[in-house]
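Please read the points with the structure open.

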Amino acid sequence: MAAGTDSTEGSGTVTSRAGRPGTDSPRGRMGSEGTVLNVFSHGILALWALMVTLPLLWAVMSAFKTDKEIFTSPWALPAGLHFGAWSRAWSQAHMGEYFLNSVVVVAGSLAGTMLLGSMAAYVLARFDFPGNRFIYFLFVGGMSFPVILALVPLFFVMKNMQLLDTYHGLILVYIAYSLPFTIFFLSGFFRTLPSSVAEAALIDGASHTRTFFQVMLPMAKPGLISVGIFNFLGQWNQYLLPTVLNVGDDGKKLLPQGLVALAVSQGYKGDWSGLFAGLVMAMLPVLAAYIVFQRQVQAGLTAGALK
């Protein structure tokens with residue numbers, strides 16, 4: 001009996017130990033690998049966040065310093081908030097004029113890009129007709145075409161059409177430049193929307209135009225905001241196209257051109273605090289747009305995956 005009891009207890013002990021998820025079990029190895037992966041990924045994200053935020057914070061701090069503080073203590077906090085650099089950059093360096101020029105051009109080009117891009121993407125995504133795929137891949141192919149290769153012929157085309165140094169000329173070029181990505185992005189988003197809603201609207205007597213503007217377009221709001229933010233970033237920071245197409249009239253230069261002109265004029269004895277103030281002025285609209293529409297951008301980017 002004693003031997004039987006010991007064998008039973010011994011077998012029970014062995015079973016309980018074998019049932020515990022130790023480090024040698026598959027579950028334990030997967031848990032340790034997941035922990036290491038999480039630590040590594042979080043470390044990479046933290047390093048990337050520092051690389052992005054530290055230059056931004058340094059530029060903001062330098063915008064509130066004097067030129068002497070920038071050279072003597074570049075990494076220290078400003079001794080006081082000096083707003084003189086902001087007024088000099090806005091008025092004397094004409095950053096206010098360049099800022100308003102950029103607002104006019106980007107507002108017109110962004111509105112045209114979103115309108116034409118959403119309409120073309122909706123037709124390509126929801127209607128079957130001969131040449132549908134050919135037109136779609138034609139737009140997709142436009143994303144891979146380097147814009148620098150088109151600068152010389154684009155300049156002469158704009159010159160022959162008398163569109164150089166004009167707001168509407170830049171707006172048309174920006175729209176053509178942004179349409180391929182917009183159509184590519186929104187066509188995939190429109191395919192994820194339910195067809196039953198559009199069919200119900202058509203049964204109720206709505207035309208295709210009314211169905212698009214009053215039914216489908218509001219449903220595509222997350223995707224529109226996402227691609228709108230990307231287009232805003234690309235058009236607001238565009239330097240190459242306005243440099244080539246705005247060659248004669250300094251009063252119609254955009255903000256990136258103004259920043260480069262201000263940086264070149266600095267030399268070794270320039271207004272560096274004013275330069276940093278102008279740089280922060282150029283960054284503020286982009287940061288504000290992303291902060292306001294952050295959730296909509298994330299929803300638009302993950303809508304297709306969640307579908």
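1. Basis. This is a predicted model, in which local features need pLDDT of at least 70 and side-chain atom pairs count only at pLDDT 80 or more, while totals for chains, interfaces and linings use all residues. Residues are numbered from 1 along each chain as its sequence is written, and side-chain values use heavy atoms, with hydrogens and water left out.

2. Overall make-up. The chain has 15 helices and 0 strands; helices (H or I, at least four residues) and strands (E, at least two) are DSSP runs, numbered from the N terminus. Of its 307 residues, 34% are buried. Here buried means under 20% relative accessible area, exposed over 50%, and partly exposed in between (1.4 Å probe, protein chains only).

3. Contacts and surface. Among contacts with a separation of 6 or more, 73% are between residues 24 or more positions apart; a contact means heavy atoms within 4.5 Å. The accessible surface of the chain is about 18400 Å², and 70% of that surface belongs to carbon and sulfur atoms. Accessible areas come from the Shrake-Rupley method with a 1.4 Å probe, and for residues only the protein chains shown count as cover.

4. Aromatic pairs. Rings of Phe, Tyr and Trp (its six-membered ring) pair if their centres lie within 6.5 Å; planes under 30 degrees apart count as stacked, over 60 as edge-to-face and the rest as tilted. By this rule there are 16 aromatic pairs. One of them joins Y122 and F190, edge-to-face, at 5.5 Å centre to centre with 75 degrees between the planes. This pair links distant parts of the chain: Y122 belongs to helix α5 (residues 95-126) and F190 to helix α8 (residues 167-191), 68 residues apart. Both Y122 and F190 are buried.

5. Y136 and F137. The ring centres of Y136 and F137 are 5.4 Å apart and the planes lie at 70 degrees, so this pair is edge-to-face too. Y136 is buried at 8% relative accessible area, whereas F137 is exposed at 52%.

6. Charges over Y136. R133 lies over the face of the Y136 ring, 4.5 Å from the ring centre. The charged end of R191 also sits over the ring of Y136, at 5.3 Å from its centre. A charge sits over a ring if NZ of Lys or CZ of Arg is within 6 Å of the ring centre and within 35 degrees of the ring normal.

7. Nonpolar patch. V123, F129, F134, I135 and L138 make a nonpolar surface patch of about 460 Å². Helix α6 (residues 132-143) gives the largest share of the patch, 3 residues. I135 lies in helix α6 and is partly exposed at 33% relative accessibility.

8. Loop between α7 and α8. Q162 is not a glycine, yet its phi is positive, about 55 degrees; Q162 is in the loop between α7 (151-160) and α8. D165 lies in the loop between α7 and α8, and its phi is near 60 degrees, a positive value in a residue other than glycine. Q162 is exposed at 68% relative accessibility, while D165 is buried at 18% relative accessible area.

Technical notes: Patch = residues over 30% accessible without salt bridge, like charges linked within 9 Å, V, L, I, M, F, W, Y side chains within 5 Å. Salt bridge = Lys/Arg side-chain N within 4 Å of Asp/Glu carboxyl O.
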